[in-house]
Amino acid sequence: MPDPITLFDGRTLAGWRAAPRLPTPVRADDPVLATDTPTYRKALAHLGRWTVEDGAICGRQDPPGSGLGAYLVSEASFGDFELTLEARPDWPADTGIMLRATADGSTGYQVLVDHRKSGNIGGFYGNGIGRFHAINFNVDVKRDAAGKPVGLKLEDPATTIEPIAEWKPALLSRKATGEDFLKAWRWDGWNAFRIRMVGALPKITVWINGLLMSEIDTAIMAYRDFDGAAVLKKLGNAGHIAFEVHDNDPRMGAERWAPNAACRWRNIRVQPL
């Protein structure tokens with residue numbers, strides 16, 4: 001087996017490059033979106049604010065409160081691998097880990113780290129490859145008497161802005177309950193992710209703090225907008241790893257990404273398989 005690869009030296013962003021969070025089509029075989037639009041040009045001008053602080057990569061919107069997102073993309077690309085890292089997101093911060101992503105970071109398989117209302121952590125989303133949303137629960141925040149966020153709780157379905165339709169958990173071949181997730185997750189602390197990705201149309205498995213959170217097998221997954229042949233043509237058998245700073249939108253505004261929010265990443269290693 002090849003030696004493991006350290007993707008972050010703890011001091012610099014060597015081996016990484018910033019990229020704008022550009023809009024993507026729904027399906028892998030949809031026509032490329034027009035680039036001569038105000039939305040595209042506005043997104044293109046923002047690369048996020050990526051810094052190294054206390055031995056961790058920190059991602060923020062730039063300028064703070066701009067509502068515009070970005071990616072930090074690995075220069076190297078990978079096929080089959082296990083990725084380990086630690087993450088520490090603020091509340092609210094809608095972020096994620098892109099796998100087998102295109103060079104601009106915008107298209108690929110995403111492991112969700114949606115640390116905000118109606119978000120999910122450890123499930124999957126198909127960026128530009130069908131927009132499948134494979135999750136088993138949504139989270140919300142607990143607040144103290146002064147209104148300060150103090151922890152996570154499972155979201156009341158009556159208040160959600162992203163209902164969990166039956167097809168969402170059905171896409172997962174293995175899944176933890178929301179209650180198990182809450183026992184494993186460390187509020188305002190570092191959370192260890194292990195992600196295994198194997199196969200041309202990959203099986204992806206996610207563990208968080210040792211708990212098997214979710215697994216999806218895209219080779220057998222049935223979803224109306226996911227065409228395996230088109231995805232393989234688009235992504236191939238290997239791609240980049242990227243971290244996301246999400247943009248805001250009229251529906252959620254700053255509840256998706258607070259003006260001064262950050263997500264932090266450290267101890268990032270890949271074991272090629």
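Surface patches are made of residues with over 30% relative accessible area and no salt bridge, like charges being joined within 9 Å and nonpolar side chains (Val, Leu, Ile, Met, Phe, Trp, Tyr) within 5 Å. A salt bridge is a side-chain nitrogen of Lys or Arg within 4 Å of a carboxyl oxygen of Asp or Glu, and accessible areas come from the Shrake-Rupley method with a 1.4 Å probe, only the protein chains shown counting as cover for residues. The model is predicted, with local features needing pLDDT of at least 70, side-chain atom pairs counting only at pLDDT 80 or more, and totals for chains, interfaces and linings using all residues. Residues are numbered from 1 along each chain as its sequence is written, and side-chain values use heavy atoms, without hydrogens and water.

Met1, Val198 and Leu273 make a nonpolar surface patch of about 300 Å². Val198 belongs to strand E14 (residues 191-198); strands (E, at least two residues) are DSSP runs, numbered from the N terminus. Val198 counts as partly exposed because its relative accessibility is 31%, where partly exposed lies between buried (under 20%) and exposed (over 50%).

Two cis peptide bonds involve proline. The bond from Asp62 to Pro63 is cis, with omega near -5°, and Pro63 lies in the loop between strands E4 (56-60) and E5 (70-78). The bond from Trp91 to Pro92 is also cis, with omega near -10°; Pro92 is in the loop between strands E6 (81-89) and E7 (93-101).

Positive phi values in residues other than glycine occur at Asp54, near 55°, and at Asn209, near 50°. Asp54 lies in the loop between strand E3 (49-53) and E4, and counts as exposed because its relative accessibility is 82%. Asn209 lies in the loop between strands E15 (203-208) and E16 (211-217).

Note on methods. Helices (H or I, at least four residues) and strands (E, at least two) are DSSP runs, numbered from the N terminus. Buried means under 20% relative accessible area, exposed over 50%, partly exposed in between (1.4 Å probe, protein chains only).
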